[in-house]
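Colleague: Could you take me through the helix packing and the charged pairs in this model, with the cut-offs stated as you go?

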Amino acid sequence: MPEGSGAYGGEIRGTLSGMHCITLDEMDSIKLMNRVDTKFLTDLETLGEILRRAAPLYRVLETGGDRVAGYDTLYYDTDGYRMYLDHHQRRLNRRKVRTRTYLTSGDTYLEIKRKNNRGRTRKKRIPLPADEFSSFSGNRTAAEFISSLTEFEAGALTPSTRTSFSRITLVNNARTERLTIDSGLEFENFRTGLKSGLSDAVIVELKQDGYCSSDIRKILLDLRVKPVRVSKYCIGTVLTVPEIKKSRFIGKIRTIEKLIDTKLLDR
């Protein structure tokens, strides 16, 4: 599991400490009504320069005195990996079901992410007792929540891939976008028992209110950090389930390998 800012060096922590902060309540008040998500892939060295350039233009989320938060996420799927395969086969309307514990607060939620055929992402969640992180089969509220928002029944879903990482969250001064920066990504598959990780790779996700002008997008493109479609669940599953269908994701895995100079898959 991630431990606070352990994934980051002193230079990055120093930049974060010098930024103006935003509280969770303030951030939750920002409603992105026409949300568009764009992901980027980079490394820790480049992240340091990204943050230096962004510091005057963005505020950093601080919770419990920490500006780096640990996330522990467990994705659920059918026995045949239906949700993973929907993504692999580019099904336009698809779902992901997961439990997530926010390590700074200790809060645990059951979350459903939905992506529609226009590329818009919506997320809904309900609180979950911490001891049901890896099994909520006896929770009637959770079962009703899943059946009301997906075509799946809770009893048909079991723990699949666990993903842990450290996250920095930024909000621009105009409050029209949020930026999440995830590093220290580690994966563990509950079915195969295999583990993997992405070393110094960093996944940046820009959440905008429509396709409006973005300072961080300009910074990223100036540093030659290009948009890339990448799913932590799918990458983690590819790396921990040897027999899974993976042809669509091989190119992304090779891109990550070049970025971190580490072999992740046998050729």
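This is a predicted model: local features need pLDDT of at least 70, side-chain atom pairs count only at pLDDT 80 or more; totals for chains, interfaces and linings use all residues.

Modeller: Residues are numbered from 1 along each chain as its sequence is written, and side-chain values use heavy atoms, with hydrogens and water left out.

Colleague: Which residues of α7 and α8 make the contact between these helices, and how many of them are charged?

Modeller: Helix α7 (residues 232-240) and helix α8 (residues 250-260) pack at about 85° with their axes 11 Å apart, where helices are DSSP runs of H or I of at least four residues, strands are E runs of at least two, and both are numbered from the N terminus. Axes are lines fitted to C-alpha atoms, for helices over the stretch in contact, and angles run from 0 to 180 degrees between N-to-C directions. The contact (heavy atoms within 4.5 Å) is made by Ile235, Val238 and Leu239 of α7 and by Lys252, Ile253 and Ile256 of α8. These residues divide into five nonpolar, no polar and one charged, with Ala, Val, Leu, Ile, Met, Phe, Trp, Tyr, Cys and Pro counted as nonpolar, the others, Gly among them, as polar, and Asp, Glu, Lys and Arg as charged.

Colleague: Are α1 and α3 roughly parallel or roughly perpendicular to each other?

Modeller: Helix α1 (residues 10-17) and helix α3 (residues 44-54) pack at an angle of about 20°, with their axes 10 Å apart. Angles under 35 degrees count as roughly parallel, over 145 as roughly antiparallel, 65 to 115 as roughly perpendicular and the rest as oblique. The two helices, α1 and α3, are therefore roughly parallel.

Colleague: Which residue forms a salt bridge with Arg52?

Modeller: The structure holds 18 salt bridges, each being a side-chain nitrogen of Lys or Arg within 4 Å of a carboxyl oxygen of Asp or Glu. In one of them, the closest N and O atoms are 2.4 Å apart, and the partner of Arg52 is Glu11. This pair links distant parts of the chain, 41 residues apart, with Arg52 in helix α3 and its partner in helix α1. At 36% relative accessible area Arg52 is partly exposed, whereas an exposed state, at 56%, is assigned to Glu11.

Colleague: Are Asp72 and Arg162 buried or exposed?

Modeller: Asp72 forms a salt bridge with Arg162, the closest N and O atoms being 2.6 Å apart. Asp72 lies in strand β4 and Arg162 in strand β8 (residues 158-172), so the pair ties together parts that are 90 residues apart in sequence. Given that buried means under 20% relative accessible area, exposed over 50% and partly exposed in between (1.4 Å probe, protein chains only), both Asp72 and Arg162 are buried.

Colleague: Which residues are in contact with Asp66, leaving aside its neighbours within four places in sequence?

Modeller: Asp66 has its place in the loop between β3 (58-61) and β4 (69-77). At 36% relative accessibility, Asp66 counts as partly exposed. Once neighbours within four places in sequence are left aside, the residues in contact with Asp66 are Leu61 and Thr104.
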